[in-house]
Amino acid sequence: MDWARFAQQMAAMARDLLAQASVDDTLRRITASATELVEGCDAAGILVLHGKDVETLAPTHQLVVDSDRLQERVREGPCFDAARSSLGAQVFRIADFSREQPRWPAYAPRAHRLGVGSMMGFLLFTEDTDLGALNLYSHEPGAFTEASELAGWLLASHAAVALSSARTHAQMEQAVSTRHVIGEAMGILMGSHHLTEEQAFDVLRRYSQENNVKLREVARRVCEGGSL
């Protein structure tokens, strides 16, 4: 492992991650970087576990999607273990899927038939019942060394910071957009029904509660149709 070259690549990747325009772009850059920077990595993806429901984000190859669906179907696998752990496993490495894996008797042999030879995973975040992990795959058994694991862990650490920043920025943009839409809807109601600002907001709020519709959606309907 040429660590000097790796450090240069990581620095460039970190700058590139922070320059991405959206959360989706950031996720795709993370998984692409994994295949570029981690020796032995043929495919990568981010698995998000909502309770026991699996979502696959930014997969570089179909193998990633197939593996995630398999974990969801058999209800076992590295990410399920991480989610059930009170501390949350930060890193896991499965060296050889051609050998018996007593810890995952249902997942491991099926994953091997999908074409997984070895695998690593790194916890990116935990939020309430949600878990996000960066998973790296190789078609070859024994492809990931201790150096590969260290490189993957460094990549995941940078990725977690970049992803958190991207998500925070997206949430702020959404909040600003929501306030703008609600303000516009209030203005329409105030003008068409001669309401005060407080009364207009109360109309939106009550409609939202009584019809179990998000306030932003109620406001959007007013903006598009001129009334509720």
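Accessible areas come from the Shrake-Rupley method with a 1.4 Å probe, and for residues only the protein chains shown count as cover. Trp3 belongs to helix H1. Its relative accessible area is 35%, so Trp3 is partly exposed. Buried means under 20% relative accessible area, exposed means over 50%, and partly exposed lies in between (1.4 Å probe, protein chains only).

## Model and overall fold

This is a predicted model: local features need pLDDT of at least 70, side-chain atom pairs count only at pLDDT 80 or more, and totals for chains, interfaces and linings use all residues. Residues are numbered from 1 along each chain as its sequence is written, and side-chain values use heavy atoms, with hydrogens and water left out.

The chain has 8 helices and 5 strands. Helices (H or I, at least four residues) and strands (E, at least two) are DSSP runs, numbered from the N terminus. Along the sequence the pattern reads α-α-β-β-α-α-β-α-β-β-α-α-α. The chain counts 228 residues, and 39% of them are buried. It exposes about 12200 Å², with 50% supplied by carbon and sulfur atoms. Among contacts with a separation of 6 or more, 58% are between residues 24 or more positions apart. Contact means heavy atoms within 4.5 Å.

## Two nonpolar cores

A nonpolar core is a set of buried Ala, Val, Leu, Ile, Met, Phe, Trp, Tyr and Cys residues joined through side-chain atoms within 4.5 Å. The largest one holds 27 residues; Leu124, Leu134, Leu136 and Leu155 touch the most other members. Helices H1 (3-18), H2 (23-37) and H6 each give two or more residues to this core, as do strands S1 (43-50), S4 (118-127) and S5 (130-138). H6 gives the largest share, 6 residues.

Leaving aside residues up to four places away in sequence, Leu136 touches Ala34, Val38, Cys41, Ala43, Ala44, Ser118, Met119, Met120, Phe122 and Phe144. A second, separate core has 14 residues, among them Ala43, Phe92, Ala108 and Tyr137.

## Salt bridges

There are 10 salt bridges in the structure. Each is a side-chain nitrogen of Lys or Arg within 4 Å of a carboxyl oxygen of Asp or Glu. Arg93 and Glu149 pair at 2.6 Å, N to O. This pair links distant parts of the chain: Arg93 sits in strand S3 (residues 91-94), Glu149 in helix H6 (residues 146-193), 56 residues apart. Both partners are partly exposed, Arg93 at 33% and Glu149 at 24%. Glu36 and Arg29 meet at 3.4 Å, N to O. Arg29 is partly exposed, at 21% relative accessible area.

Arg205 and Asp202 pair at 2.1 Å, N to O. Both lie in helix H7 (residues 197-211), 3 residues apart, about one turn of the helix. Arg205 is partly exposed at 31%, and Asp202 is partly exposed at 25%.

## Helix H8

Helix H8 spans residues 215-225, and its buried residues are Val218, Ala219 and Val222. Seen down the helix axis, these fall within an arc of 95°, so they line one face of H8. The arc is that of the directions from the helix axis to the C-beta atoms. Glu224 and Gly225 are exposed on the other side. Just after H8, Gly226 takes a positive phi of about 85°.

## Two buried residues

Asp96 lies in the loop between S3 and helix H5 (107-114). With a relative accessible area of 14%, Asp96 is buried. Not counting residues up to four places away in sequence, Asp96 touches Gln101, Gly117 and Pro141.

Val54 is in strand S2 (residues 53-57). Val54 is buried, at 11% relative accessible area. Its C-alpha atom is separated by 9.9 Å from that of Gly132, 78 residues apart along the chain.
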